[in-house]
Amino acid sequence: MKQLVTDIEMVIQPLLTRRRMLILREAGVSEDLLDADVYRELRDAKKEYRRLKKESDKQQAVISEKERKIEEQNKEIQRLQKEIAALNKKLGKLDRPAKTSNNSSVPPSKNPIGVKHTNSLRKSSGKPNGGQPGHKGETLRQTEHPDHSHRCVPGACPCCGKVISLESLHAGERRQVIDLPKPVFPAVTEYISMEGVCSCGAHLKGEFPNEATAPVAYGPNIHATVAYLSTLQNLPFKRLKEAMRTLFNVNMSEGTISNILGRMRRYAAKGHEAIRRDILNTKVIGADESGVKINGELYWMWVFQTAVASYFFVDKGRASEIIKTHFPEGFMEQILVTDRLSAYFVIETENHQICLAHLLRNLVYLTLLSPECPWPVDMIELIGEAMKRWKTEGFSQHLHDEFKPKLDKLMKQDIKADPPEKQEAIVTFRDNLNKKKDYILTFLNTEGVPPDNNASERAIRPVKTKLKVSGQFKTMGGAEAYANLHSIVQTARKNGQDPFFALQTVAQLMGE
């Protein structure tokens, strides 16, 4: 047994020696050291390892904290970069010229303080302001048939005190005073229906005239007056009520005024439809729209007009479907003169003419935005020259063919402006305009087509005046009454007729 153990030790000992050598080499300890020395070396190495491990953990914690702070700083840098970009974008907008009625579609009422409401694009003619030589003036003239005549007889002679007899006086200078009778009282006409029995036994009864719709009713002249003061003079109900009482001694409530306008709207319905049909029978039609408030909600008042007619209607939106609803026949044989609202270009027409007055104002804004960019100036000069030639030479295909290549060349011209944001704004405008470039010069080769939409803007302007005075429409019925009656009076004016007489004609339909 002992021999066996001895044999095993002899086998294992070399193995242990070799293992020891490997361990000592890996630990960096000399192989010649005794076991006690090896133990001390290993113990010291272990302590050093623990110290280094503790130091490493501390350094790793510091590194982790710094990495966390760096990540937070990166996030803060990204946030600040976004904020700087937003501020630069805002600064770019502030650096742009303010949009006013002179260089955009902003109404004059929204111009900043100090900005002129008007700034004509026309150049000075060099002539003085006011009437020019040869202009026929207007003044009050005496009538041949005055309603009343009074003799102004002199008193006693200031020299001798005698009184001159009437027989020795003769007519001298004449002067006339035009005035209104005051007070004005309404005329009350009573209608009595006479009744009787015919010899055949039938009971007969006289019929009342159409305006006698109730035991007491307002006549057509009062209806026309209320409509005139509300539609043309833009009086709100409270002031209209006061005007009727003060001027004509007619006391009525605001509800009565509303009822009168509602009846006038119904009486004018046939005339309103007749104007719509007349619009469709005209070759060139102008159109425009403007926002109105009805009981606090936004609606749109539209106008389609010609040289002899104006058709107004009010609806909720300003999309092409609204136009199709009121003009289901379409405009396949008409030329529309409008601004660049997309709704007008969705519906099918024979042709279009975009408003060059709008376009010129937009181009003026671009010249202020980037004075060094030549493209807006070149466009202004081209359009100005085309309009000038059209005024002097009239329309012709030759004139259109002369300016069309120049326009095409400008629409393809490279645009350079600084900074890039301004260049982008001009390029975007040019690209959007390029979609409608075929409608810029229609007036040059088409008879009766104006280069601008000023007539439609003039037609829609009283609507804004109405809102400024009255605030808003309370009901949809009130807005429709205004649209119907305004169509009547504007059409009457375009045909040289008295608007009040036109409203009287409408009021005569009472009872029908």
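What covers the buried residues of α10? Before I answer, please keep in mind that this is a predicted model, in which local features need pLDDT of at least 70 and side-chain atom pairs count only at pLDDT 80 or more, while totals for chains, interfaces and linings use all residues. Residues are numbered from 1 along each chain as its sequence is written, and side-chain values use heavy atoms, with hydrogens and water left out.

The chain has 15 helices and seven strands, which are DSSP runs numbered from the N terminus, with at least four residues of H or I for a helix and at least two of E for a strand. Of its 512 residues, 32% are buried, where buried means under 20% relative accessible area and exposed means over 50%, with a 1.4 Å probe and protein chains only.

Helix α10 runs over residues 374-393 and spans 28 Å from its first C-alpha to its last, close to the 28 Å expected at 1.5 Å a residue, that is, 1.5 Å times one less than its number of residues. Its buried residues include Trp375, Met379, Leu382 and Ala386. Seen down the axis of α10, the buried residues fall within an arc of 165°, so they line one face of the helix; the arc is taken from the directions from the helix axis to the C-beta atoms. On the other side, Glu381, Lys388, Lys391 and Thr392 are exposed.

To return to my question, the cover over the buried residues of α10 includes α9, α11 and α12, judged by contact, meaning heavy atoms within 4.5 Å.
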